[in-house]
Amino acid sequence: MKNIFIIGGASYNSVITLDEFPKAIPQTIHNCYFNETIGNTGAGKALTLSKLGFNTTFHSLIGDDSFGNKVRSYLEESNLNFISDIDSKGTERHLNIMNSRGERISIFINPSSDTPEIDYSKFEKNIKKSDYIIVNIANYCRNILPICKQLNKDIWTDLHDYDGKNEYHQDFIAAANYIFLSSDNLPYYKPFMLQQIANGKKLVVCTHGKGGATAYTKEGGWIETPIIDAYKMRNANGAGDSFFSGFLYGFSKGYDTKKCMQFGTITSGLCIESELIANDKLSKTLVEREFLNYYVK
């Protein structure tokens with residue numbers, strides 16, 4: 001069983017789903033679908049990877065409050081060791097407004113602390129024993145980047161809707177060996193991907209929602225993967241984290257980039273069919289069966 005250490009990103013979210021985003025005018029909306037659940041990029045990856053059979057350690061900030069207790073309850077999974085530090089600002093919370101196409105407006109109604117007091121040296125033992133290190137872009141996580149480099153560990157990171165110029169992301173970009181991002185705010189994503197490989201990155205993957213995903217490596221060049229239309233949208237929250245996790249599952253098996261992309265496509269497809277950020281039915285057996293169904297004729 002492979003060991004993974006993930007740092008950053010757990011929240012308790014309110015999710016509103018509408019057919020269309022509301023117009024920017026005063027109005028009353030009488031009907032919507034509403035639920036509250038765990039969210040955020042670290043939690044999504046931790047839950048998905050633990051279900052895919054990784055021995056997963058996940059660190060995040062949470063508050064000493066009822067929302068923190070709810071976050072903990074969702075992370076009580078086999079193969080998942082959740083460790084935390086208390087955030088004096090309370091548990092991070094988001095309001096996510098979704099439309100029927102899976103697009104999202106995310107409002108941070110209680111963001112986490114940017115500079116909490118944490119003894120980062122305590123993570124060294126987790127980093128040393130881990131086969132893969134995932135550093136999410138919560139601000140406090142940038143302080144662990146030098147430790148990962150000192151211990152000669154490759155870093156995987158997810159830049160999400162990076163726009164190609166935001167200075168906030170630069171530490172993570174500079175330190176990472178494997179980069180994932182979305183093209184939501186970066187329509188001309190290929191020059192960025194080319195530049196990163198030229199700068200020595202081992203892999204860059206860009207997801208496009210219903211447009212599938214694109215990977216670029218020095219060895220394999222461009223690889224495009226479409227979505228699987230058979231998966232029907234219920235909720236897109238967590239789809240990007242599921243794609244990342246499915247890709248890493250394939251990578252851990254030694255599969256080539258194209259096959260890793262296909263496993264990412266399957267895992268994200270299973271995610272959008274669920275109300276949760278990780279499909280409850282997800283398992284190694286399921287994704288391998290889905291691969292045979294969709295990609296092996």
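Helices (H or I, at least four residues) and strands (E, at least two) are DSSP runs, numbered from the N terminus. This is a predicted model: local features need pLDDT of at least 70 and side-chain atom pairs count only at pLDDT 80 or more, while totals for chains, interfaces and linings use all residues. Residues are numbered from 1 along each chain as its sequence is written, and side-chain values use heavy atoms, with hydrogens and water left out.

**Stop 1: His160**

Select His160, in the loop between strand 9 (155–158) and helix 5 (170–175). Its phi is positive, about 55°, although His160 is not a glycine. Most residues other than glycine have a negative phi. With a relative accessible area of 25%, His160 is partly exposed. Here buried means under 20% relative accessible area, exposed means over 50%, and partly exposed is in between (1.4 Å probe, protein chains only).

**Stop 2: Asn79**

Go to the loop between helix 2 (66–74) and strand 5 (80–86) and select Asn79. This residue also is not a glycine, and its phi is positive, near 70°. Asn79 has a relative accessible area of 28%, so it is partly exposed.

**Stop 3: helix 1**

Select residues 41–51, which form helix 1. How many of the residues of helix 1 are buried? Eleven of its eleven residues are, and the helix is mostly covered. Among them are Thr41, Gly42, Lys45 and Lys51. After helix 1 comes Gly53, with a positive phi near 100°.

**Stop 4: helix 1 against helix 7**

Two packed helices are described by the angle between their axes and the distance between the axes. Axes are lines fitted to C-alpha atoms, for helices over the stretch in contact, and angles run from 0 to 180 degrees between N-to-C directions. The two helices are therefore oblique to each other. Angles under 35 degrees count as roughly parallel, over 145 as roughly antiparallel, 65 to 115 as roughly perpendicular, and the rest as oblique.

Which residues of the two helices make the contact? Helix 1 supplies Thr41, Gly44, Lys45, Thr48 and Leu49, and helix 7 supplies Asp241, Ser242, Phe244, Ser245 and Leu248. Contact means heavy atoms within 4.5 Å.

**Stop 5: Asn136**

The side chains of Asn136 and Lys45 make a polar contact (3.4 Å). A polar contact is a pair of N or O atoms within 3.5 Å; within protein, one must be able to donate a hydrogen and the other to accept it, and residues adjacent in sequence count only if both atoms are side-chain atoms. Is Asn136 buried or exposed? Its relative accessible area is 0%, so Asn136 is buried. Leaving aside neighbours within four places in sequence, Asn136 is in contact with residues including Ile6, Gly8, Thr41, Cys141 and Phe172.

**Stop 6: Ser252**

Return to helix 7 and select Ser252. This residue is buried, with a relative accessible area of 17%. Not counting residues up to four places away in sequence, Ser252 touches Lys2, Phe54 and Tyr132. Now select Met1 as well: its C-alpha atom and that of Ser252 are separated by 10.0 Å, though the two residues are 251 apart along the chain.

**Stop 7: Leu286**

Finish in helix 9 (residues 284–295), where Leu286 is found. Leu286 counts as buried at 13% relative accessibility. Leaving out residues up to four places away in sequence, Leu286 touches Leu270 and Lys281.
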